[in-house]
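User: I am new to this structure and would like to learn how its features are read. Could you take me through them step by step?

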Amino acid sequence: MTEIFESTGQALLYGVVGLAVMAAGFIALDLVTPGKLFHVVWTDRNRGAAVLLGSQSVAVGLVIMEAIRASESEQGLGYGLVSTLLYGLAGVLVMTLVGIVIGLLTPGQMGAVVLDDSDGRPHPAAWVQAGMYLGTAFMVAAALS
């Protein structure tokens, strides 16, 4: 029974670290998209922003999952939590940098184009950037395994 409580405590600690990395991902995405992301998604109901945020959340979750797997070591829980945090933040950084580079290579301001859902549908660029976040997460996750 003690093992169950210990494992539950560890899961909660990893969950807190994962939440911190997810929050960092949200902040990073908010910095590279026009307007306040929370407002754009929940108040303006912008579908393109929702596609980006949803895909980035899945991508960050994938990186965190692999970071937790890679952190398993004989060096203890503290090492695992710190390495998960650092690996997760590295994944967010790489996703953000790739998004910026893609934005520089595409016509118009990528953030503004992605948030253009004037016809009631996400701009195709939102789906492209969503795929880019997921693809980047797979690359980072593979590097961690």
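User: Which residues in helix 3 and helix 4 meet?

Analyst: Before the case itself, a word on the source: this is a predicted model, in which local features need pLDDT of at least 70 and side-chain atom pairs count only at pLDDT 80 or more, while totals for chains, interfaces and linings use all residues. Residues are numbered from 1 along each chain as its sequence is written, and side-chain values use heavy atoms, with hydrogens and water left out. As for the terms, helices (H or I, at least four residues) and strands (E, at least two) are DSSP runs numbered from the N terminus, and contact means heavy atoms within 4.5 Å. In this structure, A59, V60, V63, I64, A67, I68, A70 and S71 of helix 3 meet Y79, G80, S83, T84, Y87, G88, G91, V92 and M95 of helix 4. Sorted by class, that contact has eleven nonpolar, six polar and no charged residues, where Ala, Val, Leu, Ile, Met, Phe, Trp, Tyr, Cys and Pro count as nonpolar, Asp, Glu, Lys and Arg as charged, and the others, Gly among them, as polar.

User: At what angle do helix 3 and helix 4 pack, and how far apart are their axes?

Analyst: The general idea is that axes are lines fitted to C-alpha atoms, for helices over the stretch in contact, and that angles run from 0 to 180 degrees between N-to-C directions. Here the angle between helix 3 and helix 4 is about 145°, and their axes lie 8 Å apart. Helix 3 passes helix 4 in a right-handed crossing; a crossing is left-handed if the near helix is turned anticlockwise from the far one by less than a right angle, and right-handed if clockwise.

User: How is helix 4 placed against helix 6?

Analyst: Helix 4 (residues 77–105) packs with helix 6 (residues 124–144) at an angle of about 140°, and their axes are 9 Å apart. That makes helix 4 oblique to helix 6, since angles under 35 degrees count as roughly parallel, over 145 as roughly antiparallel, 65 to 115 as roughly perpendicular and the rest as oblique. Helix 4 passes helix 6 in a right-handed crossing. On the side of helix 4, Y87, G91, V94, M95, V98, G99 and I102 take part, and they meet Q129, M132, Y133, T136, V140 and L144 in helix 6. This contact has nine nonpolar, four polar and no charged residues.

User: And which residues make the contact between helix 1 and helix 3?

Analyst: Helix 1 (residues 2–32) and helix 3 pack at about 140°, with axes 10 Å apart, and their crossing is right-handed. The contact is made by Y14, G18, V21, M22, G25, F26 and L29 of helix 1, together with L52, L53, Q56, S57, V60, G61, I64, I68 and S71 of helix 3. By class, ten nonpolar, six polar and no charged residues contribute.

User: Is E66 buried or exposed?

Analyst: Burial is read from relative accessible area: buried means under 20%, exposed over 50% and partly exposed in between, with a 1.4 Å probe and protein chains only. E66, placed in helix 3 (residues 47–71), counts as buried because its relative accessibility is 12%. Setting aside its neighbours within four places in sequence, E66 is in contact with A141, L144 and S145. L62, also placed in helix 3, counts as buried at 18% relative accessibility, and beyond its neighbours within four places in sequence it is in contact with A137, F138 and A141.

User: What is the phi of R45, and where is R45 found?

Analyst: Most residues other than glycine have a negative phi. The phi of R45 is near 60°, a positive value in a residue other than glycine. R45 is found in the loop between helix 2 (37–42) and helix 3, and it counts as exposed at 64% relative accessibility.

User: How many helices and strands does the chain have, and how much of the chain is buried?

Analyst: The chain has six helices and zero strands, and buried residues make up 39% of its 145 residues. Along its principal axes, the C-alpha trace spans about 55 × 30 × 20 Å. Among contacts between residues at least 6 apart in sequence, 72% join residues at least 24 apart.
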